[in-house]
Amino acid sequence: MLREANALKRFDKAGIAALDAAFSSGPLADAIDCAPEIPRRRGLSPQQFEQEHRRLQRPVLLEGMVGDWPAIRHWSFRHLAERCGSTVVTVDGYNSEKAREMTFAEFAALLEAAEGKQPASPVYLQEWYYKTAAPALADDIPELDIAQYDFRRNLYGENISTNHQLWIGQRGGVTIMHQDSYMVDVMHVQIVGEKRWYVMSPAAQLHYRDDGELDFEGLVRDPKTQLMQCTLKPGEVLYLPALWWHRVELLSDSIGLGRKCLDESNLQAHIRLRMAELLSLALNPDEVRETHPELFNVVMKRARTWAKRMDIDLSKLRP
Ligand SMILES: O=C(O)CCC(=O)C(=O)O
């Protein structure tokens, strides 16, 4: 099996476990405790956001930006269960051993039963493309002014460009360190609860030492890593430019919205990555499943959702 020179890009189970464990003890765990805060701004206009953050590719946390959204004012697990209780969702979809299907009502009941306690194995509904299954929820999530540059609207049309995801889970849930696929920028809106984000620049490199161990000291010492952190609270929006690494821990039961944006300058790379992924799935599925065991099912599901929203009939070679 190919060993990635940058171990941050290892997605076999051992690689994922080693990186995740480094957030609990050792040089990386020590460094995150005192990592600088992602800059916080309040009352930023879309023009200021554009000039002072997006053009310069600088992460920023926008305080109070969406505090008046209906979702922020009204949503809870129970509220969502009343609106889309019969919808089937895949819980813990990023963990091949734990992934399972249940109705949203069953999922919400699990969360409610454990309220106030720290569950041994927190459940997490990650990357739920709610617009396919429960489109009415979108009424409570207005469009963000600062996201108007999203080029996916021109590329795929209105439906697919607004294909946002909800992230709903229990205190203690974790999304492991990763970069978002397809060169999209991250905009993440916190709706309920609080989440801790750890981020690193696209230039971050985790190498192997001569003794074969991972060099976390080198990672945190390298100024290119730019390790930063923040706690995201309801009504706040986090912007990360494309390819910024991020790891998320749920400090409480939480609902967040992942709202991606494609910068036109990343169009060519975006198409290449989409094509590469589809070709790998179609032509080389066995190796992809072996090297990316935790991602394979997620990516298949994502590709199917994408095809559905694009009105592509997967049973036909030609329309
Ligand atoms: O909130 C999470 O757990 C992860 C969110 C994320 O990775 C994203 O929005 O890109």
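# A tour from pocket to patch

Start with the second largest pocket, which has a volume of about 560 Å³. A pocket here is an open set of points on a 1 Å grid over the protein atoms alone, with protein on both sides within 12 Å along at least five of seven lines, and lining residues have an atom within 4 Å of a point. Grid points are joined across faces, edges and corners, and the volume is the space filled by probe spheres set on the points.

Before you click on, note that this is a predicted model, where local features need pLDDT of at least 70 and side-chain atom pairs count only at pLDDT 80 or more, while totals for chains, interfaces and linings use all residues. Residues are numbered from 1 along each chain as its sequence is written, and side-chain values use heavy atoms, with hydrogens and water left out.

**The pocket lining.** Select Val89, Thr90, Glu127, Lys301 and Thr305: of the 25 lining residues, these lie nearest the pocket's centre. Then colour strand E3 (88–91), strand E5 (124–128), helix H7 (130–133) and helix H13 (296–309), the elements that give two or more residues to this lining. Helices (H or I, at least four residues) and strands (E, at least two) are DSSP runs, numbered from the N terminus. Which element gives the most to the lining of the second largest pocket? That's H13, with seven residues. By class the lining has ten nonpolar, eight polar and seven charged residues; Ala, Val, Leu, Ile, Met, Phe, Trp, Tyr, Cys and Pro count as nonpolar, Asp, Glu, Lys and Arg as charged, and the others, Gly among them, as polar.

**The cavity.** The structure holds one cavity of 30 Å³ or more, a cavity being a set of points where a 1.4 Å probe fits but cannot get out. Select Leu8, Arg10, Phe11, Ile16, Leu19, Asp20, Ile176 and Met177 to see the lining.

**Two positive phi angles.** Most residues other than glycine have a negative phi. Tyr182 has a phi near 65°, and this residue is in the loop between E7 and strand E8 (185–192). Asp311, also not a glycine, has a positive phi of about 65° and lies in the segment after H13. Buried or exposed? Tyr182 counts as buried at 8% relative accessibility, whereas Asp311 counts as exposed at 72%. Buried means under 20% relative accessible area, exposed over 50%, partly exposed in between (1.4 Å probe, protein chains only).

**Salt bridges.** How many salt bridges does the structure hold? There are 26, each a side-chain nitrogen of Lys or Arg within 4 Å of a carboxyl oxygen of Asp or Glu. Zoom in on Glu112 and Arg78, which meet at 2.9 Å, N to O. Glu112 is in helix H6 (residues 104–113) and Arg78 in helix H5 (residues 77–84), 34 residues apart. Next, show Arg153 with Glu143, whose closest N and O atoms are 3.3 Å apart. Salt bridges that share partners join Glu143, Asp150, Arg152, Arg153, Glu158 and Arg259 into one network.

**Last stop.** Select Ile271, Met275, Leu279 and Leu283, a nonpolar surface patch with about 400 Å² of accessible area together. Patch members have over 30% relative accessible area and no salt bridge, with like charges joined within 9 Å and nonpolar side chains (Val, Leu, Ile, Met, Phe, Trp, Tyr) within 5 Å; areas come from the Shrake-Rupley method with a 1.4 Å probe, and for residues only the protein chains shown count as cover. Leu283 sits in helix H11 (residues 267–283) and is exposed, with a relative accessible area of 68%.
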